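Here are my notes on this one, as numbered points. Have the model open while you go through them.

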Amino acid sequence: MKYLILSDIHANKEAFAAVLAHVKRKPWDKVVFLGDLVGYGANPNQAVDMLRGIKKSLIAIRGNHDKVCAGIEEGEMFNRIALEAAMWTRRKLTPTNLKWLTTLPRGPMLVDGAFAISHGTPIDEDAYIFGEIEALNVFRKTDYEICFFGHSHFPVIFALTPDAITTVLTVAPSFRFTLRPGARYLINPGSVGQPRDGNPLASFAIFDPESRVVTIHRVEYQLEAAQQRILDAGLPRPLADRLSIGR
């Protein structure tokens, strides 16, 4: 069983389409989505339709932007630009897609007994894991051997052994890593629709629990088209500009 692991698509239709086109040439059995399907980008309905339309088993949890865009929360903790985009998205979502977003469960969730998933952390779905301090706190308060998480938009692997905690940074365009027996892992596949690691390429992962190999891929997409859609929609210009620099 191989899993296609996606996170933080953020209504970027062009990036999502490029990822789906890329994985047509790769073997995988189920898609796992770590949250934030909408918000920021200009194509929320298309993003929902594309994810729901994948002709394989889908396992998905909600992200913080999904909650605000769907009206579950009002975005009190959002900055001005994020909140403006969320309210725009809420107005644009079809009733069917808005209702579907409200049904997304919160993490953490165990996937087929093989690994856990969360949006922020398994402790708090809205909290971030930026570095080893946050990762160590999660390791201490949970017992998952392997957990995939999103929210930070930064592809990275944190590994905990009896001796140390280690940060593994990924390398584009394809980074292959074998999980060691006896270690525990927190793995971020990066963001499909709004990378923030200084690399504008869409990011996602494929995981094979049997071989214990996780591969994080980066793919090019029609970035300028995604930027123009944001501007044409009247969304804040910084949401378009940041796509070019992966920040």
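This is a predicted model: local features need pLDDT of at least 70, side-chain atom pairs count only at pLDDT 80 or more; totals for chains, interfaces and linings use all residues.

Which residues lie nearest the centre of the largest cavity? Point 2 has the answer, after a word on the model.

1. Ground rules. Residues are numbered from 1 along each chain as its sequence is written, and side-chain values use heavy atoms, with hydrogens and water left out.

2. The cavity. His10, Asn12, Gly41, Ile230 and Leu243 lie nearest the centre of the largest cavity, out of 15 lining residues. A search of the whole structure turns up 1 cavity of 30 Å³ or more, and the largest holds about 80 Å³ of space. On the method: with a 1 Å grid over the protein atoms alone, a cavity is a set of points where a 1.4 Å probe fits but cannot get out, a pocket is an open set with protein on both sides within 12 Å along at least five of seven lines, and lining residues have an atom within 4 Å of a point. Grid points are joined across faces, edges and corners, and a volume is the space filled by probe spheres set on the points.

3. Who lines the cavity. Helix α7 gives the most, with 3 residues, and α7 and α8 each supply at least two. By class the lining has 7 nonpolar, 6 polar and 2 charged residues (Ala, Val, Leu, Ile, Met, Phe, Trp, Tyr, Cys and Pro are nonpolar, Asp, Glu, Lys and Arg charged, and the others, Gly among them, polar).

4. The α7/α8 pair. Helices α7 (residues 223-232) and α8 (residues 237-245) pack at about 170°, axes 8 Å apart. That makes α7 roughly antiparallel to α8 (over 145 degrees). The contact (heavy atoms within 4.5 Å) involves Leu223, Ala226, Gln227, Ile230 and Leu231 of α7 and, among others, Arg237, Leu239 and Leu243 of α8. Its residues divide into 7 nonpolar, 2 polar and 2 charged. Axes are lines fitted to C-alpha atoms, for helices over the stretch in contact, and angles run from 0 to 180 degrees between N-to-C directions. Helices (H or I, at least four residues) and strands (E, at least two) are DSSP runs, numbered from the N terminus.

5. An open sheet of 6 strands runs β3-β2-β1-β11-β12-β9, with mixed pairing (two strands pair if DSSP finds at least two bridges between them). At its edges are β3 (57-60) and β9 (174-178), and the twist averages 20° from one strand to the next. Parallel strands β1 and β2 are joined by 4 bridges, with Val31 of β2 as the bridge partner of Leu4. Helix α1 (residues 13-23) packs on this sheet, touching β1, β11 and β12.

6. Another sheet. Here the order is β4-β5-β6-β10-β7-β8, an open sheet of 6 strands with mixed pairing. Edge strands β4 (109-111) and β8 (165-169) have a single partner strand each, so one side of each is left without a neighbour in the sheet. Helix α6 (residues 132-141) packs on the sheet, touching β7, β8 and β10.

7. The largest pocket holds about 300 Å³ of space. Asn64, Met77, Phe78, Tyr128 and His151 are the closest to its centre, of 18 lining residues.

Terms used. Angles under 35 degrees count as roughly parallel, over 145 as roughly antiparallel, 65 to 115 as roughly perpendicular and the rest as oblique.
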